[in-house]
Amino acid sequence: MKHLVVYSSPGGNTKKLAEELFRQLPDEKDIKPISEAPDPSACDVVCIGFWFKGGQPDADSQKYLKKCSGKKVFLFATHGAATESDLVELGMNKATELAGEANVIGAFSCQGEVPAKVIEAAANKDPQPDWVKDAPAAKGHPNGNDFMNLSEALIKAGLITKDKPVSGQIIEESPVMLG
Ligand SMILES: Cc1cc2nc3c(=O)[nH]c(=O)nc-3n(C[C@H](O)[C@H](O)[C@H](O)COP(=O)(O)O)c2cc1C
């Protein structure tokens, strides 16, 4: 089975995720930045990585998603918004919608660190975008925990059978103090 990993990543977060995804896939695989506009027609599964802008997949990824009709597609993304938020659900749904007739076999997303200047500029907008309040918590992401969750999503999608050790450090979540 031929796998193609395509990613859009001006800041490097989605590229990190793409490289980890690529590492975990079995052989017969290729990885390309979206700027090279790789032809998806010769592969069986296209893994498309994008970043969130304006609550949606970035513009280059939107165009590429439309090219993947009829393909098996695995979506992955990074964003400043909290992973479990409605904002992320809406953005991922938008990506599925853009993929049109593609068969979306799975999806994964996590936060991606947002540069302080970007947070500051977005925080000064009126109205302030909803994702900005979550953005400070994106620091250090994607990390080893995200890579582990990515493995689970790949297993669920049937793209890998068992998880290879993930790269990057696993960070113990600190216990939540109640009361
Ligand atoms: C101009 C700009 C707009 C952004 N808009 C959003 C947004 O609408 N929603 C969101 O969750 N994150 C937003 N972000 C945060 C990025 O999606 C996040 O940092 C992502 O990991 C960047 O990916 P990259 O490093 O691969 O380029 C924005 C970042 C920038 C620079």
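Colleague: Glu-28 is placed in the loop between α1 and β2 (29–33). What makes Glu-28 exposed?

Modeller: This is a predicted model, in which local features need pLDDT of at least 70, side-chain atom pairs count only at pLDDT 80 or more, and totals for chains, interfaces and linings use all residues. Residues are numbered from 1 along each chain as its sequence is written. A residue is buried if 20 or more other C-beta atoms lie within 10 Å of its own, exposed if 12 or fewer, and partly exposed in between, with C-beta atoms placed from the backbone. Glu-28 has 11 other C-beta atoms within 10 Å and is therefore exposed.

Colleague: Why is the phi of Glu-28 remarked upon?

Modeller: Most residues other than glycine have a negative phi, and most peptide bonds are trans. Glu-28 is not a glycine, and its phi is positive, about 65°. Ala-37, not a glycine either, has a positive phi of about 40°.

Colleague: Which peptide bond is called cis, with Pro-127 as its second residue?

Modeller: The bond from Asp-126 to Pro-127 is cis, its omega being near 0°. The bond from His-141 to Pro-142 is likewise cis, with omega near 0°. Pro-127 is in the loop between α4 (116–123) and α5, and Pro-142 is also in the loop between α4 and α5.

Colleague: What are the elements of the protein, from the N terminus on?

Modeller: Helices (H or I, at least four residues) and strands (E, at least two) are DSSP runs, numbered from the N terminus. The protein has five helices and six strands, in the order β-α-β-β-β-α-β-α-β-α-α.

Colleague: Why are the buried residues of α5 said to line one face of the helix?

Modeller: Those buried are Asp-146, Phe-147, Leu-150, Ser-151 and Leu-154. Seen down the axis of α5, they fall within an arc of 150° (taken from the directions from the helix axis to the C-beta atoms), so they line one face. These buried residues pack against α1 (13–24) and β6 (103–111).

Colleague: What surrounds the ligand?

Modeller: A residue is near a molecule if its C-beta atom, placed from the backbone, lies within 6 Å of it. The ligand is surrounded by 22 residues, the closest being Ser-9, Gly-11, Asn-13, Trp-51 and Gly-112. At least two residues of the shell come from each of α1, β3 (45–53) and β5 (72–79).

Colleague: How do you know that the radius of gyration agrees with that of a compact globule?

Modeller: The radius is taken over C-alpha atoms, and the globule rule is 2.2 Å times the number of residues to the power 0.38. For 179 residues this gives a value near 16 Å; the protein has 16 Å, so the two agree. Along its principal axes, the C-alpha trace spans about 50 × 35 × 25 Å, and buried residues make up 39% of the 179 residues.

Notes: Contact = placed C-beta atoms within 7 Å.
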